[in-house]
Every structure is written in C-alpha cells, then in structure tokens.
Amino acid sequence: MYLCRIIDKKGKERSVQLTTAPIMWEKKPGILCFLRDVTDEKKLEAQLMQAQKTEAMGRLAGGVAHDFNNMLTVIIGNIEMALMNVASSDPLYNQLQNVANAASRSADLTRQLLAFARKQTIAPKVLNLNDTISGMLKMLRRLIGEDIDLAWRPWVELWPVKIDPSQIDQVLANLCVNARDAIAGVGKVTVETGNIAFDEDYCATHLDFIPGEYVLLAVSDDGCGMDEETRAHLFEPFFTTKSVGKGTGLGLATVFGIVKQNDGFINVYSEPGQGTTFKIYLPRHKAEPAGALMETSAETPPGGRETVLIVEDEMAILDLCKRIIEQLGYTVLTAKTPGEAIRLVEEHTGDIHLLITDVVMPEMNGRELAERLASIKPGLKCLYMSGYTANVIAHRGMLAEGVYFIQKPFSMKDLAAKAREVLNQKTTDNNRE
Ligand SMILES: Nc1ncnc2c1ncn2[C@@H]1O[C@H](COP(=O)(O)OP(=O)(O)OP(=O)(O)O)[C@@H](O)[C@H]1O
Ligand SMILES: [Mg+2]
C-alpha cells in the first residue's frame, strides 16, 4: 500500500492510497506525489484493531461467565443432592439427570468463555511439551478418527515451558477437532514441536510478538483451508462456519485465551484449498525443570470430622456448600459476611480447621479475611472459591503453590475432594504469596 497525494488543477491536495507504487511523482497539478510505502503501517493498524476488539470481547465474556458460574453452582449442587434422594426407577430421576447434563454442558461453555477471557485460574508447571503431547496421542487419534492420519514430529531437546498441562490438552484437542472437520474424507494432521528465537526485525512487523526464545507447537492439516473473511474472525467467540448444532465457535477463542494467558503468540497460515497451519509460540522457561513436585493423589473423596467455616455472601451457594460439607461428616459453621465470620471465630471456643471462603465479598476480600482469621486461629487452613480468577489470591490468574482454590461451578465430589486435600496438607502457611 502506498500513500500518495494528488494535486488538482486548483492546487488543492488530496490523499489517495494505491496498491502499486506510482511511476511518476512530482509536485505539479494533476500529478501524483508519492509520499511513502504504508504497507506495514496498515498491517499494524489492522492488527491493533483486531487486538482491541478481542480484548473488549474478552471482558464481556468474562463478566457473563462469572455471574453465570455462580448460578450454575447452585443448579448443579442442588440437582446432585436431589438425585441422591430419588430412586433410579422413579421417572423424576431421568428428568433430573437431563437437567444435570444440561447444566454440565453449560459449565463447559462458561469454562471456555473464561479461558478466552483469560480469567481461568490455572496451576502452571514446568514441562516438556513433547511428553505432554505424547501422552495425548492416543486420545487425539480417537478424536480425529481412522480416516485421518496423525503424524507426530517432536523436536529433540525441546526447551521447557511453564504452563498448566490441562491447557495444552484444551489447545490440542480444539485444533485437532477443527483439523478433522476441515478434512472431507481422508487426510493428514501433523503435530510438531520446535525451538525458535524471534529477533527485533521479526517483531517489528508482527505487532503481538516480543523478541525472545519460544517453544513452537504447530498443528497442520491438508483440509479445506480458509478464506480471508474466515481468517479475520477466527478467534472471535461464537464465530463459526459450521451448521447449527455442530460448532459453537468457542474452540479457537479458547485457544487464543490460553496462549495469551501464557504470554505466547499464535499465527495462522491458510488459503482456500491449501490446508491450514496453526503455530503457537510459548515462552521458553529458563529455570531448571523442577520435575514432578508434590503430586497429590486423586483418591475418592472421603469426608472428615473436622470443623469447617464457610463464608459466602450468596445465600443459595452458602446453603448448598453447608449441606454438602455437612453430609460428608464435618461440623459446619457459616457466615454471610467477613464481619460475621470474624465475630464467630473470636467467640468460638473449639477448633476450626478449615475456612472455605468466597473471594469477592463486600467489606473485605477472601484473602484479607483468611489473614485476619489465621491471626485469631493460627494454623487455620483455607480454601478459596470463586466464579473466576481470584485476582486477589492469584497473580494474573496464576496461583502460587500452597494457595488452594476451587472454581465455581463445582460438583459435590470436587468440593469434597478439595476440602480433604487442603485439610491433609501438613503446612499451615496457607497464605503464602
Ligand atoms: N483447521 C481449520 N481448517 C479450516 N477452517 C478452520 C480450521 N480451524 C478453524 N476453522 C474455521 O474457524 C471457525 C472457528 O473455529 P472454532 O474452533 O473457534 O469454532 P468451531 O470449530 O466452529 O466450533 P467449536 O470449536 O466451538 O465446536 C470454524 O468454524 C472454521 O470455519
Ligand atoms: Mg472448533
């Protein structure tokens, strides 16, 4: 693109943009005056607009998902409790089961929205992508079916990255399903990894990119490819070219959110009929790989006899948590506000072992509350719950080790398991940074 000026007969100047460079330029009426090549500027402008649009949509999606998750917690929890009191032969049982299925599909949707909005709370680990991907190949093969060949090209001596492994699962599953859908009949999907460094020059023409060392994860297919229109809207939530009921348009929005949350970049190369390649770059992790630290075993959730204090300003959720925790055998105390919780703890003569608290509440946030209560009852353990990233307890959505968090909506089993996990921890410094 070239920015030019035309000077008309009256000597007035007008700007025009030409796609090819003008041959003559001179400052005379009626003659083109060539100013400069603006190809890169235009490209950056478009990238910036796209980035701003995505950011705004992310905020909207995150807000909706947050409120929706609170309600889903109540719906899912109450159905679970109701199901326990209905015989499976009762016609009501099937109806409740249907509601439960619909609720859990809704929970999947909000989870994807949160991922897109980068409001998903995650627990990143240092890992080698080759290992994580190798472990998924079987599942991926099943996902794409027998007619499509899955090729795996791991880079030897791949640099480590720091990311929540479940996010790699989400990214790969979404990209592979898209690739499968783009292939009619027989075809090939290739998953590759690599080490790569970006220099200043490269980043000058790619708005989002920051110079440095990255680990590449690429997924290519030889499917139908995409036209320009599709490429322009690819990462927008709810953008889909698939028929109703086939795609929600959240797959790539999720992938985008995950990549951004991990300070990575994503590139797409695609032409109609030429197949598609998605390239994802995640920052190289510099420190020594820590190995598998502190893997907590995932046994079925046993209850307990300890005393648990639940603090939550949403009555329906407070009520639900109380019933779940009580049913597991614990002694339960409840408070609707942080103030009430502090008074209760000051007056309570017996032990309190675990605090389960909402993160965002009027008066005081969950973290402040946990600190206050721990100063009254040293050794009090804490489990935070929230509808989205607990900004107060997490740094940019990432939890420090030793901080326990459960994402709403949760099932009874999730809450039971998490409560037990926290109670079983030997350390008492649950509010570490
Ligand atoms: N590998 C690909 N080849 C061709 N087109 C693709 C590919 N990946 C994505 N697309 C296009 O991008 C659109 C958006 O993809 P996205 O994964 O976000 O949503 P979806 O697959 O339509 O629905 P969902 O993933 O929520 O089930 C797709 O509908 C499709 O048009
Ligand atoms: Mg998809």
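The protein comprises 12 helices and 15 strands, assigned as DSSP runs (H or I of at least four residues for helices, E of at least two for strands) and numbered from the N terminus. The model is predicted: local features need pLDDT of at least 70, side-chain atom pairs count only at pLDDT 80 or more, and totals for chains, interfaces and linings use all residues. Residues are numbered from 1 along each chain as its sequence is written, while chains are lettered from A and ligands numbered from 1 in the order in which they are written.

Of the 433 residues, 33% count as buried. A residue is buried if 20 or more other C-beta atoms lie within 10 Å of its own, exposed if 12 or fewer, and partly exposed in between, with C-beta atoms placed from the backbone. Contacts were defined by C-beta atoms, placed from the backbone, within 7 Å. Among contacts with a separation of 6 or more, 71% join residues 24 or more positions apart.

The shell around ligand 1 holds 23 residues. Membership requires a C-beta atom, placed from the backbone, within 6 Å of the molecule. Asn178, Ala182, Thr240, Gly247 and Gly251 come nearest. Two elements give two or more residues to this shell: helix 5 (165–182) and helix 8 (251–261). Helix 5 gives the most, with four residues. By class, the shell has nine nonpolar, 12 polar and two charged residues. Here Ala, Val, Leu, Ile, Met, Phe, Trp, Tyr, Cys and Pro count as nonpolar, Asp, Glu, Lys and Arg as charged, and the others, Gly among them, as polar.

Helix 5 has 18 residues and reaches 26 Å from its first C-alpha to its last, close to the expected 26 Å. The expected span is 1.5 Å times one less than the number of residues. Its buried residues include Gln167, Ile168, Asn174 and Asn178. Helix 5 packs with helix 8 at an angle of about 145°, and their axes are 9 Å apart. Axes are lines fitted to C-alpha atoms, for helices over the stretch in contact, and angles run from 0 to 180 degrees between N-to-C directions. The crossing of helix 5 and helix 8 is left-handed. A crossing is left-handed if the near helix is turned anticlockwise from the far one by less than a right angle, and right-handed if clockwise. Gln167, Gln170, Val171, Asn174, Leu175, Val177 and Asn178 in helix 5 meet Gly251, Leu252, Thr254, Val255 and Ile258 in helix 8. The contact residues divide into six nonpolar, six polar and no charged.

Helix 2 (residues 91–116) also packs against this pair. It has 26 residues and spans 39 Å between its first and last C-alpha atoms, close to the 38 Å expected. Its buried residues are Ala103, Ala107, Thr110, Gln112, Leu113, Leu114, Ala115 and Phe116. These pack against helix 1 (39–84), helix 5 and helix 8.

Another helix pair was examined. The axes of helix 9 (residues 315–327) and helix 12 (residues 412–424) come within 10 Å and cross at roughly 65°. The crossing is right-handed. Cys321, Ile324 and Ile325 in helix 9 meet Met412, Leu415, Ala416 and Ala419 in helix 12. This contact has seven nonpolar residues, no polar and no charged.

Two buried positions were followed individually. Isoleucine 163 lies in strand 6 (residues 161–163). It is buried because 27 other C-beta atoms lie within 10 Å. Beyond residues up to four places away in sequence, isoleucine 163 touches Pro124, Leu127, Ile168, Asn262 and Leu282. Alanine 341 is found in helix 10 (residues 338–347). With 26 other C-beta atoms within 10 Å, alanine 341 is buried. Alanine 341 and leucine 309 are 32 residues apart in sequence, with their C-alpha atoms 8.1 Å apart.

Backbone exceptions were also noted. Most residues other than glycine have a negative phi, and most peptide bonds are trans. The bond from lysine 408 to proline 409 is cis, with omega near -5°. Proline 409 sits in the loop between strand 15 (404–407) and helix 12. Glutamate 157 has a positive phi, near 55°. It is located in the loop between strand 5 (148–153) and strand 6. Glutamate 157 is exposed, with 7 other C-beta atoms within 10 Å. Phenylalanine 238 has a phi near 70°, also positive. It belongs to the loop between helix 7 (228–233) and helix 8. Phenylalanine 238 counts as partly exposed because it has 13 C-beta neighbours inside 10 Å.
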